Amino acid sequence: MVVATPDDGTVVGRALAIADAVAVARVATLAQLARRTGLPKATVHRVAHDLVARGVLTRDDAGFALGPRLSRLGASATGERWPAAEVMPAVQELHERSRTMAFLMAVDDQRLVTVGIAVGRAQAPELRRRGGWPAQMRLSPADLFTASGRVVLARSPELVEGYLRTGLRVRTPHSSRSIAALIRELARAHDDGVAVERDEHSEGWTCVAAVVPGPDGRIAGVVGMCGRTGEVPTDRARWVTAAAAELAPAVRRPPDAAGQAGRGRRRVGPADHAP
C-alpha cells in the first residue's frame, strides 16, 4: 500500500492525502484511493465527493482526476514564470511539425505542472478516453520509464537512488529490466538534455522530451511530443530540443528556486543506486 500523505486525522489532511493520491495515479477509482491512502472507503467517498463539488477533483466513469480548480492554481503559480503569449507559440509549432500532442510542463520541486498543451483532432478522443492531460503530477518511480521523468531524474540522483533501493518495478513488457541499462539511459538523458521512451510507461505510447533550462541554470521545465507508437517521429528529436531552446529565453527567474528538483548538474551513474 502506498500512502501519498500520512493520515493526521484531520479533514484537511485527509483531503490532501486523497488529492496527492489522485495526482500520482492521474486517474483513480474509489477503491484505488482507499488502498493508496489507507483511509476507510466511506471516508474517501465523502471527502472525494466534497472535493469534486469544489472543483478540486473531477469524476467520470474512469474514476477521479485532478480538477479545474487545481489547474487554475497551478496556472497562477506558473503564469508569471511562463507567460503564455511567449511560450505557447513554441508548443503549438512543435505540435504542427510533429502532428502529435505537444506539451510544456514546469518543474516545481518534485512535481511537473502543466503549463500548456497543443492537441489536434486526431489525438483529442484518445486524450479524453485516458482522462485528459494531468494538471500536475508528482515524480514517482514510474517516471523512470517516461521521457519527461528521465530528463528530470537524470539530474536528481538522490531521487533515483531512493526509487531503485527497493528494486526496479517494470511497467510494460517493453520496460527495461536492467538497472544498469536504465542508468545508462539516464546518463544519456543528462548529457543530451533529451530522452526518447517507446512503450515503456504505457504500452502503445511513445514520447520525446527535452529540458528547458531556466535563467539560474536549473531545470525550469520539460517540453515534448507524445502519441501512439508509430505516429511519433522519434527520429526528429531535434524538433523538441529546438523548442526547448526557443522556450528558454522566455522563462522568468522564480522567486525562490531552493529545493527545486534538478538542482544539481551531477549525472546519475552506477554508484548512485543501492546494490
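Two strands pair if DSSP finds at least two bridges between them. In this predicted model, strand 3 and strand 4 form a hairpin with two residues between them. The chain as a whole contains ten helices and eight strands, and 50% of its 275 residues count as buried.

**The chain as a whole**

- The accessible surface of the chain is about 13,300 Å², and carbon and sulfur atoms account for 51% of this area.
- Among contacts between residues at least 6 apart in sequence, 63% join residues at least 24 apart.

**The sheet**

- Strands of a sheet pair through backbone hydrogen bonds, either parallel or antiparallel.
- In this model, six strands form an open sheet in the order 5-4-3-8-7-6, and the pairing is antiparallel.
- Strand 5 (136–138) and strand 6 are the edge strands, each of which pairs on one side only.
- On average, neighbouring strands of this sheet are turned by 25° against each other, direction ignored.
- Helix 5 packs on the sheet, where it touches strand 3, strand 4 and strand 8. The direction of helix 5 makes about 65° with that of strand 4.

- Seven bridges join strand 3 to strand 4 (residues 111–118), in the antiparallel sense.
- Within this pair, Val107 stands opposite Leu112 in strand 4, and Ala102 has Ala118 of strand 4 as its bridge partner.
- In the turn of the hairpin formed by strand 3 and strand 4, Asp109 has a positive phi of about 55°.
- Strand 4 also pairs with strand 5, in the antiparallel sense and over three bridges. Here Arg111 stands opposite Arg138 in strand 5.

**The nonpolar cores**

- The largest nonpolar core has 31 residues, and Leu144 and Leu153 touch the most other members.
- The elements that give two or more residues to this core are strand 3 (101–108), helix 7 (147–153), helix 8 (157–164), helix 9 (179–192), strand 7 (205–213) and strand 8 (219–228).
- Another core, of 26 residues, lies apart from the largest one; Ala90, Val194, Val208 and Trp239 are among its residues.

**Helix 10 and its cover**

- Helix 10 spans residues 237–247, and its buried residues are Ala237, Trp239, Val240, Ala243, Ala244 and Leu247.

**Glu200, a buried residue in a loop**

- Glu200 is placed in the loop between strand 6 and strand 7.
- The relative accessible area of Glu200 is 11%; buried means under 20%, and Glu200 therefore counts as buried.
- Leaving aside neighbours within four places in sequence, Glu200 is in contact with Phe145, Arg150, Arg171, Thr172, His174, Ser175 and Ser176.

Notes:
Residues numbered from 1 in each chain as written. Predicted model: local features only at pLDDT ≥ 70, side-chain atom pairs only at ≥ 80, totals over all residues. Heavy atoms only, no water. Core = buried A, V, L, I, M, F, W, Y, C linked by side-chain atoms within 4.5 Å. Buried < 20%, exposed > 50% of the residue type's maximum accessible area, 1.4 Å probe, protein only. Helix = DSSP H or I, 4+ residues; strand = E, 2+ residues; numbered from the N terminus. Axes fitted to C-alpha atoms, helices over the stretch in contact; angles between N-to-C directions. Contact = heavy atoms within 4.5 Å. Areas by Shrake-Rupley, 256 points an atom, 1.4 Å probe, with all protein chains shown as cover.
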